[in-house]
Amino acid sequence: MKILVPVKRVVDYNIKVLVKSDGTGVETAGLKMSMNPFDEIAVEEAVRLREKGAATEVIAVSIGVQQAQDTLRTAMAMGADRSILVLSEESPEPLAVAKVLKALVEREKPDLVFLGKQAIDDDMNATGQMLAGLLGWGQGTFASKVELADGRTEVTREVDGGTETVSLALPAIVTADLRLNEPRYASLPNIMKAKKKPMETLQAADLGVDMARRLTTLSVAEPPARKAGEKVGSVAELVEKLRNEAKVI
Amino acid sequence: MTVLVLIETEDGQVRQASRSAIAAAGKLGEVHALVTGTEASAQAAADAAAKVPGVAKVRKVASDVLAHDLAEPLADVVVALADDYNHIVAASTASGKNVLPRVAALLDVQPIPDVVEIKAADTFVRPIYAGNALATVKSSDTKKVLTIRPTNFDPAAAEGGSAAIEAVVPNVTDTVSRFVSSETPQSDRPELESARVIVSGGRGLGSCENFHKILDPLADKLGAALGASRVAVDSGFAPNDCQVGQTGKVVAPELYIAVGISGAIQHLAGMKDSKVIVAINKDPDAPILQVADYALVGDLFEIVPELTNAI
């Protein structure tokens, strides 16, 4: 069984981005870039399935600029067997990404596609669901537990107010939520080994996919800042303020 | 312009988040509410949706396949109705986020998630980078598929309207997915996303036992929902569905009391639209104090019980 794992190169999650002064976007030049944290969880889950013998091959895919090869090397250092880089502009839209992935799915014929539930740059939370729609496959989004049995996968999902378990016929799409697992750190020997693993490079156009954006960003702005309030000296003072000034209790 | 809004119900009422979606959709055109479920549950949902002011028509689709809001059949139902609409809208709940992107893909549309402001029929504002920036985007798609962030749109009332209900013949019979089970712990506390007051705990509580020993009495007294930071959830102090933040729930109550929460960017993104924020923290330099209206620096294990007694 093959598993395809799309990974995205994003600004490292520990970095607070700043809006460009001309309001055209956020400043990303020179910032540390890393694998999208939810995608790391997806890679980890796929690699664990291969280590358990449930899967035979894990293929990492990234769609973006040339530097996304670093992200693919990370995925291979974590245990992916090989990778595919599809060159396009930076951070293409989920619809275009889903179309590229559909083309790759048709070529590679995986039984499962594991994705992160959302990328922490554009916060779209859409690619997995869209790929599932385009393929007509079942989708187990926001997964906190994944099991395989009898040609199906049982996915426990994080939903409002608790969890829900669904059973999906394979092939299927799963998107990873935070609690699915704790991704490993790549060891130095594995980082070295990953340099020798195969990486194929394609152009999005080679796959016949129109990458044109449907959304035009008119402006990007800082959210309204919240002013720091006052320090109160005692519980009595706090209660007095909440009661008479803020009038919320 | 006509807008189709996907409706979720709970205990025979239209969920507050869906009523926010109805209110948001009202800015775009005439609102039709889509309710789905089994024959009985869809009828109950239709009756509830018909009463929400602002709904012009309710479209009811009933089938056993639609019993559990599974994304696959639900998306097919929406797509079959899509010709009649310029906009398809849902609240950005777990269900909305699950279904609408699938709908969008089937319609060859790029969805617009988590809309916080509607500028025009094709122009929307949405947060990116965990709410550290707000992007205004214009869609060139003929149909717009969007989820709205419920805390940014005042919900329509639950009662007062009387829309007509139209039964639509379902176009789904079977699906690649099956519902197995759901686990929704029952609680007397209000739902996090619609609570007027939230008491939220973080790393400073130190353990699951302390989390509840310290916070439960205060939440009980205030009739508040319990929230938690990601660290508190990861450490097992509180269940995952309590998590407030960019990757958890986004809330905007009248009063948010952050106890032992330092205020990581991800957490602030989930609660900074609260009307009044109180921070109780021993660290005078904690980032949460930068957004708090009232900050009390000190030992939470002394302050919170004292506060509980004083209210």
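This briefing describes chain A, the sheet of chain B, and a helix contact between the two chains. The model is predicted. Chain A holds 6 helices and 15 strands, while chain B contains an open sheet of 7 strands.

**Chain A overall**
- The C-alpha trace of chain A spans about 65 × 45 × 40 Å along its principal axes.
- Chain A has 249 residues, of which 49% count as buried.
- Among contacts in chain A with a separation of 6 or more, 68% come from residues 24 or more positions apart.

**The sheet of chain B**
- The strands follow the order S7-S11-S6-S1-S4-S5-S12, with parallel pairing.
- Strands S7 (112-115) and S12 (164-168) of chain B stand at the edges with a single partner strand each, so one side of each has no neighbour in the sheet.
- On average, neighbouring strands of this sheet are turned by 25° against each other, direction ignored.
- Strand S1 (residues 2-6) and strand S6 (residues 87-91) of chain B run parallel and are joined by 3 bridges; Val5(B) stands opposite Val89(B) in S6(B).

**Helices across the sheet**
- Helix H1 (residues 16-26) of chain B lies across S1, S4, S5, S6 and S11, at about 150° to S6(B).
- Helix H3 (residues 71-81) of chain B lies across S1, S4, S5, S6 and S12, at about 145° to S4(B).

**The helix contact between chains**
- The axes of H4 (residues 127-135) of chain A and H4 (residues 94-106) of chain B come within 7 Å and cross at roughly 45°; the two helices are therefore oblique to each other.
- H4(A) passes H4(B) in a right-handed crossing.
- The residues that meet include Met130(A) and Leu134(A) in H4(A), and Pro101(B) and Arg102(B) in H4(B).
- By class, this contact has 7 nonpolar, 3 polar and 1 charged residues.

Terms used:
Residues numbered from 1 in each chain as written. Chains lettered and ligands numbered in written order. Predicted model: local features only at pLDDT ≥ 70, side-chain atom pairs only at ≥ 80, totals over all residues. Axes fitted to C-alpha atoms, helices over the stretch in contact; angles between N-to-C directions. Helix = DSSP H or I, 4+ residues; strand = E, 2+ residues; numbered from the N terminus. Parallel < 35°, antiparallel > 145°, perpendicular 65-115°, else oblique. Left-handed = near helix turned anticlockwise from the far one by under 90°. Contact = placed C-beta atoms within 7 Å. Nonpolar A, V, L, I, M, F, W, Y, C, P; charged D, E, K, R; others polar. Buried ≥ 20, exposed ≤ 12 C-beta atoms within 10 Å, placed from the backbone. Pairing = 2+ DSSP bridges.
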